[in-house]
Amino acid sequence: MEAYLLDWLNLLLRWLHVITAIAWIGSSFYFVWLDNSLVAPTDPELKEKGVGGELWAVHGGGFYNPQKYLLAPKVLPEHLHWFYWESYSTWLSGFALFSLLYLFNANVFLVDRNVFDMSASMAGGTAIAFLVFNWLIYDAICSTIGDRPGADRLVNILVGLQVIVSVWAACHLFSGRAAFLISGASLATIMSANVLVWIIPGQRKMVASMRAGQAPDPIHGKRGKQRSVHNTYFTLPVLFAMLSNHYSMTYSAPHNWIVLLCIMAAGALIRQFFVLRHKGVYNWWYPGIAVALLLAVILWMSPAMQSKPVAAVAPSSSAAPAPAGEAVAAGSFAQVQQVIQARCIQCHAAKPTLMPVPGKGVLLDSPEHISQHAQQIYQQAVVQKAMPLGNMTQITDDERAIIGKWFESGAPVK
């Protein structure tokens, strides 16, 4: 019953997170598009009012005329719509989901002793530290350098270097799946903290100055704009990191940190193309380079490019199921290999019998491959019981227990 309720909590939190993320990303993308699509007004009355740009649009059977003031209108309306709950709700629901799945099961989902041997509590604390320190470092870069004239390029370079170091560190501390998620969550934390710490407070100060009859300080608008621009380039990399847990071929690849950085870079380049497109500039170099990066990653990760192919174990659907009782208590590698040959090899071999290509690109046809994917086998077959898909090979609970005992004893291959 507890597992059933946890599954529902997982589902509802994930649904809430997706809903709020759609709302936040949608409004963010809209305002970036709007800013880049505004044209200078020709109406003298609008110029007199201080309008710096306007746009005419048609949508849903109506006409819209958004206007942006150079700094602020001369008379501030009583009612202002603020865009911040979308950001806060997305981060809070995401952190709740991360806590439920990863922090409360750190020994399973965060720790991979083949990557770095640490306790569950240390892994959980390190994961939270990643979120906090990535924000502090990013904020220090922007706060100390960002206000200088012409410093945007230097800020962007330093933030880019920070992302590279952070991704490398995550992939050398956590399991591949967790490293990808934590890297994305770090960027998402920066995005939401930008809204909480700089964008909304700066807007509140501008509004307070106007209500007091004072001219608002333009530095608040400049800072908010800088953080908002960073947020829009972080969006597609974060979305990939959130989706990556469904594609083990990416996070379990050798040098997975390079894979993640290449795909994140491709996302940022694609976003740059659309940002320029909103301004009427069609620079196809950006999506071209993005596609080239993705193709290079696909080719590099392909089984044909592996330096030393391993001979496949012949799939056998008739292999005898592993014995129960004493075998469960032992959980030896020979027993695990027997279970894999009986229940998994039909999909996870170089020439699978139940699908045209190996499932998710994961091969389990040699001791080396089994060891490499030990944590994924444990997560998918024992913890989540998601594999085999639909239990098409009829794996038993005793066989799952054999895998569990083997993994918990350190996943030996001898």
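User: What is the relative accessible area of Phe-31?
Analyst: This is a predicted model, in which local features need pLDDT of at least 70 and side-chain atom pairs count only at pLDDT 80 or more, while totals for chains, interfaces and linings use all residues. Residues are numbered from 1 along each chain as its sequence is written, and side-chain values use heavy atoms, without hydrogens and water. Phe-31 counts as partly exposed (buried is under 20% relative accessible area, exposed over 50%, partly exposed in between; 1.4 Å probe, protein chains only). Its relative accessible area is 33%.

User: Which aromatic pair geometry do Phe-31 and Phe-83 adopt?
Analyst: Across the whole structure, 19 aromatic pairs are found (ring centres of Phe, Tyr and Trp, the last by its six-membered ring, within 6.5 Å; planes under 30 degrees apart are stacked, over 60 edge-to-face, the rest tilted). In the pair of Phe-31 and Phe-83, the centres are 4.8 Å apart and the planes stand at 75 degrees. The arrangement is therefore edge-to-face.

User: How many residues apart in sequence are the parts that the pair of Phe-31 and Phe-83 ties together?
Analyst: Phe-31 belongs to helix H1 (residues 2-37) (helices, H or I of at least four residues, and strands, E of at least two, are DSSP runs numbered from the N terminus). Phe-83 lies in the loop between strand E4 (67-69) and helix H3 (85-103), so the separation bridged by the pair is 52 residues.

User: Which residue pairs with Phe-130?
Analyst: The partner stands edge-to-face to Phe-130, at 5.6 Å centre to centre and 75 degrees between the planes. Phe-130 lies in helix H5 (residues 120-145) and the partner in the loop between helix H6 (152-171) and helix H7 (176-211), so parts 44 residues apart in sequence are tied together. Both residues are buried. The partner is Phe-174.

User: What volume does the largest pocket have?
Analyst: A pocket is an open set of points on a 1 Å grid over the protein atoms alone, with protein on both sides within 12 Å along at least five of seven lines; lining residues have an atom within 4 Å of a point. Points are joined across faces, edges and corners, and volume is the space filled by probe spheres set on them. For the largest pocket, this volume is about 1900 Å³.

User: Which residues of the lining are closest to the centre of the largest pocket?
Analyst: The lining comprises 46 residues, divided into 27 nonpolar, 14 polar and five charged (Ala, Val, Leu, Ile, Met, Phe, Trp, Tyr, Cys and Pro are nonpolar, Asp, Glu, Lys and Arg charged, the others, Gly among them, polar). Its largest share, nine residues, comes from H8. Closest to the centre are Phe-31, Asp-35, Lys-68, Phe-83 and Gln-203.

User: Which elements give two or more residues to the lining of the second largest pocket?
Analyst: The second largest pocket holds about 1100 Å³ of space. Among its 36 lining residues, Phe-109, Arg-177, Gln-380, Val-383 and Gln-384 are the closest to its centre. The elements that contribute two or more residues are H1, H3, H9 and H15.

User: How many of the ten residues of helix H15 are buried?
Analyst: Helix H15 spans residues 374-383 and is mostly covered. Its buried residues, including Ile-377, Tyr-378 and Val-382, number eight.

Terms used:
1 Å grid on protein atoms, 1.4 Å probe; cavity = no way out; pocket = protein on both sides within 12 Å on 5 of 7 lines; lining within 4 Å.
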